[in-house]
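Dear colleague,

I am passing on the structure we spoke about, together with some notes on its charged side chains. Please have it open while you read what follows.

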Amino acid sequence: MFSQSSCFLQQLSAILSETSFTTLWANIAKSLENSRCFWSECCLETHVKFNITGLEKNLNQRLYGQHLVSRTVLPALKAHFSSTTSKALVLSFHGWTGGGKNYVSQFIAESIYKYGMKSTFVRYFIGGYHFPDRKLVDVYKQQLREWIKGNVSICQYSLFIFDEVDRMPPGVLDAIKPFLEYTQMVDGVDFTKSIFIFLRFEVFGLAFSISQFRIFAGTG
């Protein structure tokens, strides 16, 4: 009897080993996370998943006269989500008002997030509205760094859209250069999965460019 009890205790000890506890708590944590994601948005495939087919359909059916978009934006996003990226993806769209810049940004958000532009992982900034005072450039830079770092800390697949960058005070966007240039983590945060879109007004038609790093400063 003693021998059987000893054997049982040894087996129980093996089951309740450190590795088993780690696995057990990992499973519990995963279950709790999945339960939480049922009620609120999470940075998991249930809420964040790139739908290239849906994006291609929107660009082809809802955006007219801009075939260059599909040929440039689609491959860039596909590569960003399907491979190990070394930098954040930067897209710069520039053209006249009503030329499709905001539509494309909206389509991109809808193809990635379950709630599209309403997702908590999408941040939309308007140059003349969020950064109106040229005297507060240093304040804006500090706030921008904190906003971006805080959001990416919550979800690596964050999307930041900067509209009317031509109306932003010069120097504000310098604050985010480290998040676009560095291939390693910045202050413990990985920005390589993030996407930054810059929208700029121009009178010579709509152009779309893709680069690993491109920032427009305000004029004057």
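A residue is called buried when its relative accessible area is under 20%, exposed when it is over 50%, and partly exposed in between. K149, at 29% relative accessibility, therefore counts as partly exposed. Please keep in mind throughout that this is a predicted model.

Side chains of opposite charge can pair when their charged atoms come close. How many salt bridges does a search of the whole structure find? The search finds four, and I describe some of them here.

K149 is the partner of D187 in one of these salt bridges, with 3.5 Å between the closest N and O atoms. Because K149 belongs to helix 7 (residues 137–154), while D187 sits in the loop between helix 8 (177–181) and strand 4 (195–201), the pair ties together parts that are 38 residues apart in sequence.

Finally, D190 and K193 form a salt bridge in which the closest N and O atoms are 4.0 Å apart. Are these two residues, K193 and D190, buried or exposed? Both K193 and D190 are buried.

Technical notes: Residues numbered from 1 in each chain as written. Predicted model: local features only at pLDDT ≥ 70, side-chain atom pairs only at ≥ 80, totals over all residues. Heavy atoms only, no water. Salt bridge = Lys/Arg side-chain N within 4 Å of Asp/Glu carboxyl O. Helix = DSSP H or I, 4+ residues; strand = E, 2+ residues; numbered from the N terminus. Buried < 20%, exposed > 50% of the residue type's maximum accessible area, 1.4 Å probe, protein only.
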